[in-house]
Amino acid sequence: MKTVRSAIPVGSLVATAMVPAVLLALLVVQPVLAQPPPIDWVELYGDHAQGRGVQVTPDGGYIACGFIGVYDDEDYYLVKVNSEGDTLWTQRYDFHPGWGNEALYSVDLTHEGGYIATGYCGHLGSLDCFTFATDSLGQVDWTQTSAICQGTAIARTSDSGYIIAGGGCGLGFMLHKIDSMGSETWTRTLGDGWAWDVQQTTDGGYILTGDDGAGPSSHLIKLVRTDADGYPIWTKTYWGGRGNSVRQASDGAYVVSGYTQDFGPALMPCLIKVDAAGDTLWTQVYTTPEIYCTGSYVRQTTDGGYIHAESGY
């Protein structure tokens, strides 16, 4: 098991690295909630790299996605590690030589046991959503480009396809459905804003969160529930801010992780739970020592609670 010397906090490890790198950390949860969980391991991967998404893999390891390279020469990056953080393989992909910036936001498993990732490619000041699938060793099976600007989240669907949330470039709050080989099934624009996460619901539809795009300092947390064909059943907005992660709970309700600026000048992380119709059941705003902090990830735990990740500075 890899360990980190207790005299060196994680922040120091990142700060002393010579160049940016993808950072993965595994925490061991302890029953004493008043104490921070000890770090099992911390690893850095790649030179001038940044991680944007991570998933647990069936072998107990992890797959991380992001980008690697310097400004105007950034390429897609996948890192596969085992349960101890040891590198099994890394892959750098430059599908568009000379195009400038390329980055991945989200990665998931394919139905065949490989990996699928989405993000964007940039050329001459414009952006397109770019998605590609690989085998279990990172070798490319297929690629797909769509005009939804940026793909921010991707997930498998029950029909062996994939669903992508995205937006940006003034295109609106986007939902993009593709089949098992990346061909477009349909694309929906669900009003203004930008979608940042999506999950298929138990009835075969989709739940998305993001913002309504009202303005850089006045947008609202947005939640949209659709049917299986991507048509909206309802759209709700909540506090000023943005939803970054959403999941359907075991009771059929939905939980959103994001941030709000309604309670002071700083961005504050929050959780919002709503019922099947989008009506608020409860809300929580969390105070942190950071001047800027956002909720970025939520999942339900086995005891019926929630694990909520935050990021800030």
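Are Phe130 and Phe132 buried or exposed? Both Phe130 and Phe132 are buried, where buried means under 20% relative accessible area, exposed over 50% and partly exposed in between, with a 1.4 Å probe and protein chains only.

1. Basis of the note. This is a predicted model, in which local features need pLDDT of at least 70 and side-chain atom pairs count only at pLDDT 80 or more, while totals for chains, interfaces and linings use all residues. Residues are numbered from 1 along each chain as its sequence is written, and side-chain values use heavy atoms, leaving out hydrogens and water.

2. Overall make-up. Of its 313 residues, 48% count as buried. Where contacts (heavy atoms within 4.5 Å) join residues at least 6 apart in sequence, 39% of them join residues at least 24 apart.

3. The disulfide. The structure holds one disulfide, a term used for a pair of cysteine sulfur atoms within 2.5 Å. Cys149 and Cys169 form this disulfide, with their sulfur atoms 1.8 Å apart. The pair links distant parts of the chain, 20 residues apart, since Cys149 lies in the loop between strand 10 (140–146) and strand 11 (150–156), and Cys169 in the loop between strand 12 (162–167) and strand 13 (174–178). Cys149 is buried, at a relative accessible area of 0%.

4. Another cysteine. Cys129 is also buried, at 0% relative accessibility, but its sulfur lies 8.3 Å from the closest cysteine sulfur, that of Cys121, which is too far for a bond.

5. Aromatic pairs. The whole structure contains 17 aromatic pairs, counted when ring centres of Phe, Tyr or Trp (its six-membered ring) lie within 6.5 Å, with planes under 30 degrees apart called stacked, over 60 edge-to-face and the rest tilted.

6. An edge-to-face pair. The rings of Trp234 and Tyr254 have centres 6.3 Å apart and planes at 65°, so this pair is edge-to-face. It links distant parts of the chain, with Trp234 in strand 18 (residues 232–248) and Tyr254 in strand 19 (residues 254–260), 20 residues apart. Trp234 is buried at 11% relative accessible area, and Tyr254 is buried at 1%.

Terms used
Helices (H or I, at least four residues) and strands (E, at least two) are DSSP runs, numbered from the N terminus.
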